[in-house]
Amino acid sequence: QVQLVESGGGLVQSGGSLRLSCAASGTISSINTMGWYRQAPGKQRELVAAMSSSANINYADAVKGRFTISRDNAKNTVYLQMNGLKPEDTAVYYCNFRYGPSYGVTYWGKGTLVTVSS
């Protein structure tokens, strides 16, 4: 079992910045991918950014150049620095942890709300 605890969401004005953190605990495989997804009201959950334990990174086109994902493997923690926030970034952001064959085992955090006002 893996537990994920997110922090860092909140209300920010358009153009502002926020930093999300997600700490994983429990039985942690050293080979894994940690990332962030988001779900806006009435929309499907979508990938924001993900980073493997070998530092391969994937970003959604909508956030490239504005968001930066990073991780501290020693602390089993992943971060998402969000700059230049836009109202369309408003969503619940979920931490995601994957491991195993084809990264098929998945855990989710409870989510943290990010609200960007115009």
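Biologist: In this predicted model, which hand does the link of C22 and C95 have?

Modeller: The angle about the S-S bond is -85 degrees. The sulfur atoms of C22 and C95 are 2.0 Å apart, and the two residues form a disulfide. With that angle, the link of C22 and C95 is left-handed.

Biologist: How many residues apart in sequence are the parts that this pair ties together?

Modeller: C22 lies in strand β3, and C95 lies in strand β9, residues 91-99. The disulfide joins these two cysteines. The pair therefore ties together parts whose separation in sequence is 73 residues.

Biologist: Is C22 buried or exposed?

Modeller: A residue counts as buried when its relative accessible area is under 20%. The value for C22 is 0%. C95, its partner in the disulfide, is also at 0% and counts as buried. Because its value is 0%, C22 counts as buried.

Biologist: Over how many bridges do β3 and β8 pair?

Modeller: Strand β3 covers residues 18-26 and strand β8 covers residues 77-82. A23 stands opposite T77 in β8. The two strands pair in the antiparallel sense, and the number of bridges is six.

Biologist: Which side chain does a polar contact join to that of N96?

Modeller: N96 is found in strand β9. At 2% relative accessibility, N96 counts as buried. Leaving aside neighbours within four places in sequence, N96 is in contact with several residues, among them L4, Y37 and W108. The polar contact is 3.1 Å, and the side chain joined to that of N96 belongs to R98.

Biologist: What distance separates the C-alpha atoms of V12 and S118?

Modeller: V12 has its place in strand β2, residues 10-13. At 12% relative accessibility, V12 counts as buried. Its contacts, leaving aside neighbours within four places in sequence, include L85, T115, V116 and S117. V12 and S118 are 106 residues apart along the chain, and their C-alpha atoms are separated by 9.1 Å.

Methods. Residues are numbered from 1 along each chain as its sequence is written. This is a predicted model: local features need pLDDT of at least 70, side-chain atom pairs count only at pLDDT 80 or more; totals for chains, interfaces and linings use all residues. Side-chain values use heavy atoms; hydrogens and water are left out. Two strands pair if DSSP finds at least two bridges between them. Helices (H or I, at least four residues) and strands (E, at least two) are DSSP runs, numbered from the N terminus. A disulfide is a pair of cysteine sulfur atoms within 2.5 Å. Buried means under 20% relative accessible area, exposed over 50%, partly exposed in between (1.4 Å probe, protein chains only). A polar contact is a pair of N or O atoms within 3.5 Å; within protein, one must be able to donate a hydrogen and the other to accept it, and residues adjacent in sequence count only if both atoms are side-chain atoms. Contact means heavy atoms within 4.5 Å.
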